[in-house]
Amino acid sequence: MLKVYGFRGLLKLLCDVMYSRLFYPSARIVRRPFYMRGARHVAIGKGFTTGVSCRIDAFPEKAGTCIHIGKDVQINDYVHLGSVESITIGDRVLIASKVFISDHNHGVYKGSEAHSSPFESPIERKLVSAPIVIEDDVWLGEFVCVLPGVTIGRGSIIGAMSVVTRSIPPMCIAVGSPAKVIKSYDIVSSSWVEV
């Protein structure tokens, strides 16, 4: 282990393990710095793992839990989850570094409701939200952005730097901005097939 981490790295790792056992006993390891606001609105499953500088913000408009994280979920460095309504992350989900997942926006920009004015301060604009569901065994690549109202189906992969604006079916690979399905898993041939 000393060869992998070096002395200072190993010392930091041991401090992070002790911090995890003390404050997040069901977690595998929570690396510091770690920021969580609204902790009483967050449910974290057993085996949770983070990288450094992860941020979780939970400010539900109604009482209760608004961020549900399943078992054996691993989120890497600089991941940001923000919820005012509902983010549900299934079991065994892998989230790469610098991923942003938010169930809300500041302002109304589509639909028949009165749209937000660009002359109004963004922080003062009405919060608009829709639930996000990330099902079991999903992998989100580096710099992925998941926007309100999206469901990502079980076993799907979202390629690096993709922006997920619409739901993705199970067992698919989606890439781009906005993310589009490019492959799906064929159970019969046990292979990923272009769509």
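Predicted model: local features only at pLDDT ≥ 70, side-chain atom pairs only at ≥ 80, totals over all residues.
Residues are numbered from 1 along each chain as its sequence is written, and side-chain values use heavy atoms, leaving out hydrogens and water.

Visitor: How do you know that β8 and β13 pair?
Guide: Strands are DSSP runs of E with at least two residues, numbered from the N terminus, and two of them pair if DSSP finds at least two bridges between them. Strand β8 (residues 87-89) and strand β13 (residues 132-134) run parallel and are joined by 3 bridges, so they meet that definition.

Visitor: Which residue of β13 is the bridge partner of I87?
Guide: The partner is I132.

Visitor: Why is C54 called buried?
Guide: Buried means under 20% relative accessible area, exposed over 50%, and partly exposed in between, with a 1.4 Å probe and protein chains only. C54 has a relative accessible area of 0%, so C54 is buried. C66, at 1% relative accessibility, counts as buried too.

Visitor: How many disulfides does a search of the whole structure find?
Guide: The search finds 0 disulfides, where a disulfide is a pair of cysteine sulfur atoms within 2.5 Å. For C54, the nearest cysteine sulfur is that of C145, 16 Å away, and for C66 the nearest is that of C54, 17 Å away; therefore neither C54 nor C66 is in a disulfide.

Notes:
Helix = DSSP H or I, 4+ residues; strand = E, 2+ residues; numbered from the N terminus.
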